[in-house]
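Subject: Structure handover

Hi,

Could you load it first and read along with it open?

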Amino acid sequence: MYLPEFNKNYLEYCSRQLLDALLDDRGMEDLVELASKLTGNPVAVGNARLTVLYTSKNMPANVPMAKPGVISPDFSTDKEFIKYNEAAYYSNKPIVTDEQYGGYKTLLTKLSLHGKVVGYMSILFYNRLYQPDIEPLAILIRETIECALTRHSSLLATPPAAPESLFADILNHKTDAISSNADAVIRLGINKQTDFYILAFSMIGFSKANMPGADIKNQLLLLTGSGLSTYDNENIVLLKQGSIKNLMTDSGEKKTLLSYMHKNGLCGGISFSCRQISDIPGGYRQAKLALSCAKQRASAALIPYDYVVFPDFVKNTIVKHCMYYKLPEIKRLENYDNTHSTNYRHVLKTYVENGKNAGLTAAQTGLSKSSVYRILDRIRLMTGIDFEQNDHLFSVYLGLKIDDCLSSGHR
């Protein structure tokens, strides 16, 4: 079989072929067969519940997605192979199939409808080897299939519950509708490869008369950059992906959020970082505990969970058992700060909390980036801290945290 190169001319040819098929409304089966012919490899289309809906005729019979039906969640190994039950949230980058199914490279892309992930398209490199220059063609095929779905959205069966509704069910352990962890990841529209955390907000002095409305919930989504929200009794609950650091330090993002909270009589709590869907209920419990501490202050406070548990840990473990020992490195830092009216302790803490990012540290301490590097170099010479040894750096950071906690009244 002659297979032309994926060059610009061939891409234009494919575009005309796909557009004709779309305008003629030939149906999804013909589109899948045409996509298979254009790529020289089998193609499959499934929905967000990980059900294979359409496959091209040349799909190898030993591949789990060879026939329409639900993909079993058991096709995985300890190696970095494709997990078929997680296919839909991979981006269009090649992934190696498990050797027992041929060891093929597979290109998987999300399908979206009206901005929501509704399924996936898979190209299995069986008849011809994977080449990076196929990716524009894969994107073109995906967009054509998405256009077809706008005409025939019923092809993807009954749409799953809205992400907000599913999020609320997971918070309250109502997960009967979830077929797998991957199913939940897809339906919530989150990125499996990125950590997330839970935020809970409530009105200070809450009563049914001052239940926060949708306008407040939407503004909190905007100010925090969260992608998912729901109500749980009197609480607004948000799920945010990415680093927790910006809401843990005195960043511009946090200051703007606190100003809005003060204006609207809100307080909030933040959980630890989460990684799995199963972490969400536990993360919400953490956020609620931090929120209850914020309510006790009766002020527009946004309290992270470790600000609640860490003082208790210091009080009940470190102090009670006389375990605290001030590290020599910390003593040297203190002596230098006291003698020279500097704040090197704060610079070091901020540097660690920002994942050793000098740029963020500079922005949050009001210093230039070169000043941060100069201060860190002085700290290294003064204390002997090895910034390349994370264990050493963390032990000093933990010592600073404990010392700060003791200084604030937990002796």
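One term before the rest: two strands pair if DSSP finds at least two bridges between them. Helices (H or I, at least four residues) and strands (E, at least two) are DSSP runs, numbered from the N terminus.

Please keep in mind that this is a predicted model, in which local features need pLDDT of at least 70 and side-chain atom pairs count only at pLDDT 80 or more, while totals for chains, interfaces and linings use all residues. Residues are numbered from 1 along each chain as its sequence is written, and side-chain values use heavy atoms, with hydrogens and water left out.

**The five-stranded sheet**

I started with an open sheet of five strands, ordered E8-E9-E7-E10-E11, with mixed pairing. Its edges are strand E8 (228-232) and strand E11 (302-304); each has a single partner strand, so one side of each is left without a neighbour in the sheet. On average, neighbouring strands here are turned by 20° against each other, direction ignored. (Axes are lines fitted to C-alpha atoms, for helices over the stretch in contact, and angles run from 0 to 180 degrees between N-to-C directions.)

Going through the pairs, strand E7 (residues 196-203) and strand E10 (residues 266-270) are antiparallel and share five bridges. Met203 has Leu266 of E10 opposite it. E7 also runs antiparallel to E9, with six bridges joining them, and Phe201 has Ile236 in E9 as its bridge partner. E8 and E9 form another antiparallel pair, over five bridges, where Thr230 is opposite Val237 of E9. Two residues lie between the strands in the E8 and E9 hairpin, and Asn233 has a positive phi there, near 55°.

Helix H6 (residues 214-224) lies across E7, E8, strand E9 (235-241) and E10, at about 25° to E9. Helix H9 (residues 280-297) lies across E7, E8, E9, E10 and E11, at about 35° to E7.

**E9 and Gln241**

For burial I used relative accessible area: buried is under 20%, exposed is over 50%, and partly exposed is in between (1.4 Å probe, protein chains only). Six of the seven residues of E9 are buried, so this strand is largely enclosed by the rest of the structure. Gln241 is found in E9 and is partly exposed, with a relative accessible area of 24%. Leaving aside neighbours within four places in sequence, Gln241 is in contact with Ile190, Asn191, Thr194, Asp195 and Phe196. From Gln241 to Ile198 the C-alpha to C-alpha distance is 9.0 Å, with the two 43 residues apart in sequence.

**Helix pairs**

Two packed helices are described by the angle between their axes and the distance between the axes. Helix H2 (residues 28-39) and helix H3 (residues 135-151) pack at about 175°, with axes 11 Å apart. H2 and H3 are therefore roughly antiparallel to each other (that means over 145 degrees; under 35 is roughly parallel, 65 to 115 roughly perpendicular and the rest oblique). On the H2 side the contact includes Met28 and Leu31, and on the H3 side Leu137 and Ile145. By class, this contact has nine nonpolar, two polar and no charged residues. Here Ala, Val, Leu, Ile, Met, Phe, Trp, Tyr, Cys and Pro count as nonpolar, Asp, Glu, Lys and Arg as charged, and the others, Gly among them, as polar.

Helix H13 (residues 358-365) and helix H14 (residues 369-383) pack at about 105°, with axes 8 Å apart. H13 and H14 are therefore roughly perpendicular to each other.

**The cores**

A nonpolar core is a set of buried Ala, Val, Leu, Ile, Met, Phe, Trp, Tyr and Cys residues joined through side-chain atoms within 4.5 Å. The largest has 32 residues, of which Met28, Met121, Leu137 and Ile145 touch the most other members. Among the elements that give two or more residues to this core are helix H1 (8-23), H2 and strand E6 (116-125). H3 gives the largest share, seven residues. A second, separate core of 26 residues includes Leu188, Ala200, Tyr284 and Ala301.

Happy browsing!

Definitions and conventions
Contact means heavy atoms within 4.5 Å.
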